[in-house]
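Dear colleague,

I am passing on the structure below, and would be glad if you could look it over together with the notes that follow.

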Amino acid sequence: MYRIIAGKWKAKKIAAPRNFDVRPTTDFAKEALFSILENTYDMQSISVLDLFAGIGSISLEFASRGCQDVTSVEMNPKHTSFINATASELGMSLQVNTQRGDVFDWLKKFRNNKSYEIVFADAPFETEEKKYQELLSLVLKNKYLKPNGILIIEHQSRLKLDHPNFKFTRKYGNVSFSFYEPNTEVQEEISNQEN
């Protein structure tokens, strides 16, 4: 069970079937995260990539706040069906595009050459540090972030994910969000292609 914090569906409770093995971001942490993001971005004009989307807690929060372009990548078919059904029930089907697949394989294919303002990744808590480093590399080296974009990784607070693009971490109990900025060389390449 989780709840949408703000926007059109504020306070709406979303209950997943009991047999789902999920750990949605806590309300407290989610509220703090979106407070940071809404100070930087206009939710109605950005694109979001939600990796390891689970049952859609983050994707649907963005959609509720007016984001028109959310791509959710999740491997578990029951979870992707649940996200699609919930988005449909809430009238968000046009905003939330669910893709079923392994996140690492999906990122290696650089889908649609599309870049996003926000890439959010909430990998399973038991994920090893080297897999997080692979995730960082795949997102930051493959033009997934726009020049003003940000990669946010949710992880256990005891884990420190060092990387040259690291900006800051915000800790909320045993959960932390680490923020990473785009690669400068990759951004210059994107700018040159657009001009």
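The count comes to 10 salt bridges, a salt bridge being a side-chain nitrogen of Lys or Arg within 4 Å of a carboxyl oxygen of Asp or Glu. Please bear in mind that this is a predicted model, in which local features need pLDDT of at least 70 and side-chain atom pairs count only at pLDDT 80 or more, while totals for chains, interfaces and linings use all residues. Residues are numbered from 1 along each chain as its sequence is written, and side-chain values use heavy atoms, with hydrogens and water left out.

One of the salt bridges is formed by the side chains of lysine 114 and aspartate 69, at 2.6 Å from N to O. This pair links distant parts of the chain, 45 residues apart, with lysine 114 in the loop between helix 4 (103-108) and strand 6 and aspartate 69 in strand 4; helices (H or I, at least four residues) and strands (E, at least two) are DSSP runs, numbered from the N terminus.

There is also an open sheet of 7 strands, with mixed pairing and the order 5-4-3-6-7-9-8, where two strands pair if DSSP finds at least two bridges between them. Its edge strands, each pairing on one side only, are strand 5 (96-100) and strand 8 (166-172). Within the sheet, strand 6 (residues 116-121) and strand 7 (residues 145-156) run parallel and are joined by 5 bridges, and isoleucine 118 stands opposite isoleucine 150 in strand 7. Helix 2 (residues 57-64) packs on the sheet, touching strand 3 (47-51), strand 4 (69-74), strand 5 and strand 6, and its direction makes about 175° with that of strand 4; contact means heavy atoms within 4.5 Å, and axes are lines fitted to C-alpha atoms, for helices over the stretch in contact, with angles from 0 to 180 degrees between N-to-C directions.

Best regards
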